[in-house]
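Visitor: I am new to this structure. Please show me how to read its features, one at a time.

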Amino acid sequence: MKLNKKYKDRLFCLLFGNEEYKENILSLYNALCNTAHTDVNDIKLYTIDNVIYIEMKNDVSILLDSYLHLWEQQSSYNPNMPLRGLMYFSKMYDRYIVEHSYNIYGSTMVKIPTPRYTVLYNGTFKQPAFMKLKLSDAFIHEDTSGDFEWTANMVNINHGMNDELLNNCRPLQEYMLLIEEIRKNRSDGMEVEQAVDKAVTHCINNNILSEFLTKHRAEVIDVCITEYDEQAFVNGIREEGRQEGREEGRALTLYSLVNSGNLKPDIAAKELGISVHEFELAMKEAGMNQPVSK
């Protein structure tokens, strides 16, 4: 199976990280920040590693680029988003300093845009409407000082979780309607290709991202099919992991029964489909004593 792990980023970036659709960017910016900007020229767009960065002019100050927003869409929960955000912003600030020819080794403080990091979650696993993920949760040694912190604000954009946000940003709302239509078709038993194609047709006919989907139909269908191929792949890996966990737990139970003398090694080995010698070696590797007779 050929997988493109950036499929969802590409679809999201096409809608919200493309100069052609700055109105979408401004709409999402206003919805997330509770602002009412109207001039798309206030936006300076960056995209690094398929992550969207937005610099926005300050309305009242002469200083430009006062905030640096990073938006990342995720279809699965990832507790490492703060660490990823720290690394992304490091790249962005490095670029910003070079572009402005700032000297970070001088005696004058270099002013940098204030960071804002938002993770837009639309996976199928249940998550709260809002979650603040903290870098300090990943520290090997607990540090509650707050001196070394980086956060990611995870916003659940599934319908019913942050409907006010969706209502305030029609492109985001319609993006989710497309995703949900595909999911509904899949739950009705359609193959991925049919489910995606029918969802795109439905959205075009019902004025849901109709102009965007008509123009980019082939690309959208391609990336959405890849999305579901990848999701099936990920679910398969997870199921393998669960199966391995169950098998490991079963083996440990048999080790304990043999170790306590309540089960014969040859019977336990047969249960696991291995030889008695292999079973005894496995017990030893698991830290169990050699089997005893009773």
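Guide: This is a predicted model. A salt bridge here is a side-chain nitrogen of Lys or Arg within 4 Å of a carboxyl oxygen of Asp or Glu. Aspartate 197 and arginine 217 form one, with their closest N and O atoms 3.0 Å apart. Aspartate 197 sits in helix α6 and arginine 217 in helix α8, so this pair ties together parts 20 residues apart in sequence.

Visitor: How many salt bridges does a search of the whole structure find?

Guide: The search finds 8. In general, side chains of opposite charge can pair when their charged atoms come close. Arginine 95 meets glutamate 99 at 3.1 Å, N to O. Those two are 4 residues apart in helix α3, about one helical turn. Glu181, Lys184 and Asp188 form a network of salt bridges.

Visitor: Arginine 170 also has a salt-bridge partner. Is glutamate 174 buried or exposed?

Guide: Glutamate 174 is that partner, at 2.4 Å between the closest N and O atoms. Glutamate 174 is buried, because its relative accessible area is 9%, and buried means under 20%. Arginine 170, at 48%, is partly exposed.

Visitor: What about the nonpolar residues?

Guide: In soluble globular proteins, nonpolar side chains tend to be buried together. Here the largest nonpolar core has 44 residues, and Phe12 and Phe212 are among those with the most contacts inside it. Another core, of 19 residues, lies apart from it and includes Tyr53 and Met92.

Visitor: Which residues does methionine 92 contact, leaving aside its neighbours within four places in sequence?

Guide: They are Tyr46, Ile48, Tyr53 and Leu68. Methionine 92 lies in helix α3 and is buried, with 1% relative accessible area.

Terms used: Residues numbered from 1 in each chain as written. Predicted model: local features only at pLDDT ≥ 70, side-chain atom pairs only at ≥ 80, totals over all residues. Heavy atoms only, no water. Buried < 20%, exposed > 50% of the residue type's maximum accessible area, 1.4 Å probe, protein only. Contact = heavy atoms within 4.5 Å. Core = buried A, V, L, I, M, F, W, Y, C linked by side-chain atoms within 4.5 Å.
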